[in-house]
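Below are some notes on the model you sent. They are set out as numbered points, each on one topic.

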Amino acid sequence: MDPRDSEEEAAFRAEARSWLERNARLRPRPAIVSSAIVAEWSPEEEESRFQAAVDWQRLKSSEGWAGIAWPTKYGGRGAGLVESVIFDEEETRFDLSRDALSVGLGWCGPAVLAHGSEEQRDRFLPPLLRGDEVWCQLFSEPDAGSDVAGLRTRAVRDGEEWVLSGQKAWTTFAHRSDWGLCIARTDSALPKHRGLTAFVVDMHDPGVRCNPLVQMTGSSNFNEVFLDEVVVPDDRVVGGVGQGWSVVITTFMFERIGVIFDTEGLVEALKHLIGEKGAGDRRQVRERFARVAIGSRILQFHKLRLLTSLAQGRTPGPEGSVVKLAATRFLSEAYELGLYVLGPAATVIGSGEAAEWLSAFLGAPGLRIGGGTDEVQKNIVGERVLGLPGEPRPDRDLPFATGG
């Protein structure tokens, strides 16, 4: 793919930039925490920033800038995924609270769009794009994180309804969500990947209980969610009974695409920090900064390959895994260097720029887990790109009741 915009893409970028400049405030300095990192807000700022994210989404929706690549019949703009990435690139230049809605808009919505029935799309997608309803993703469990197919939440059919029971973990903003895209086991006699089904769960149901998980960043955006005999109508099955793994793969694909972000902004923020603080061994700082800058260029190269797939109308496969691996390595090295330059000041919990670097450093390891661990991504690349033999999976074809 040509790294330069085509004539049509350049015109779209100019239009998007003009609208954003009229409706939002430019960041006073380059962003330290990339928009690819789900919000790590303190409990004190969560309320206002979450509401700001909803208000911004409503404004975008009312003026035709929500769901760039979604069909117009559901409230989207009807453009392509490349235009969606262009708008996201421009949007990151502005001081906006966007990440609060990223799970629903970036991951769950596309999964419903790809696998949902026409009735489900008509019901759920327009209010999601308008910011009227918030979604979360109910996938991971205490004993099924990197191995999502090993989940144990059960869904039992009861006439025209399903009864769900189990526990989910690491659910972003579950306590503020209206709906959850939930994967549950509907058939233990099948191998673990084939006995799963996706459901849309009403998060206000009395059988749903959310407990906050306080992280080392001080944030409590993550939750553990308990499902106690939650009744879900049959018309909220997404993609068909037993087809849940396809919904999981689609959701993860869009989650990995979500790591496309402005690396140059973070490099500039790091350069500013080095020039201002000047702490640490200068030679070591220069060498480490060079690695970060090179990592940024490598990530941009992989990003172009991913955009090539999108521009050609292909569904990204292992390209997303490569991008995610490059992104997590880049962010880890950048934030580690930021703390090294700050020195002892970085260890003091407070506010301001130093606190942002510390929060980013503490939150970055989570990216190596969410959306599939680094080890999972390496397996995907090894098997699907390099053609290496797959790892032994003795339980893959066994009934879950036996091998799970």
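1. Is C210 buried, exposed or partly exposed? C210 is partly exposed, as its relative accessible area is 25%. Please keep in mind here and below that the model is a predicted one.

2. A search of the whole structure for disulfides gives zero. C108 is likewise in no disulfide: its nearest cysteine sulfur, again that of C136, lies 7.0 Å away. C108 has a relative accessible area of 0%, so it is buried.

3. The next point concerns a helix pair. Helix 1 spans residues 7-23 and helix 2 spans residues 43-62; their axes come within 13 Å and cross at roughly 130°. The two helices are therefore oblique to each other, because an angle counts as roughly antiparallel over 145 degrees and as roughly perpendicular from 65 to 115. The crossing of helix 1 and helix 2 is right-handed.

4. Which residues make the contact of helix 1 with helix 2? On the helix 1 side they are W19, L20 and N23, and on the helix 2 side W56, L59 and K60. By class, the residues of this contact comprise four nonpolar, one polar and one charged.

5. L125 sits in helix 5, residues 118-130. Its relative accessibility is 1%, so L125 counts as buried. Leaving out residues up to four places away in sequence, L125 touches W70, Y74, G109, V112, L113 and Q120.

6. N223 belongs to strand 7, residues 222-233. With 1% relative accessibility, N223 counts as buried, because the limit for that class is under 20%. Residues up to four places away in sequence aside, the contacts of N223 include K168, A169, W170, T171, F173, A174 and H175. N223 also touches C210, N211, P212 and L213. The partly exposed C210 is thus one of the residues that N223 touches. L164, by comparison, has its C-alpha 18 Å from that of N223, at 59 residues apart in sequence.

7. W170 lies in strand 3, residues 161-172, while F173 is placed in the loop between strand 3 and strand 4 (179-185). Is W170 buried or exposed? W170 counts as exposed because its relative accessibility is 52%, and the exposed class begins over 50%. F173, at 1% relative accessibility, counts as buried.

Definitions and conventions: Residues are numbered from 1 along each chain as its sequence is written. This is a predicted model: local features need pLDDT of at least 70, side-chain atom pairs count only at pLDDT 80 or more; totals for chains, interfaces and linings use all residues. Side-chain values use heavy atoms; hydrogens and water are left out. A disulfide is a pair of cysteine sulfur atoms within 2.5 Å. Buried means under 20% relative accessible area, exposed over 50%, partly exposed in between (1.4 Å probe, protein chains only). Axes are lines fitted to C-alpha atoms, for helices over the stretch in contact, and angles run from 0 to 180 degrees between N-to-C directions. Helices (H or I, at least four residues) and strands (E, at least two) are DSSP runs, numbered from the N terminus. Angles under 35 degrees count as roughly parallel, over 145 as roughly antiparallel, 65 to 115 as roughly perpendicular and the rest as oblique. A crossing is left-handed if the near helix is turned anticlockwise from the far one by less than a right angle, and right-handed if clockwise. Contact means heavy atoms within 4.5 Å. Ala, Val, Leu, Ile, Met, Phe, Trp, Tyr, Cys and Pro count as nonpolar, Asp, Glu, Lys and Arg as charged, and the others, Gly among them, as polar.
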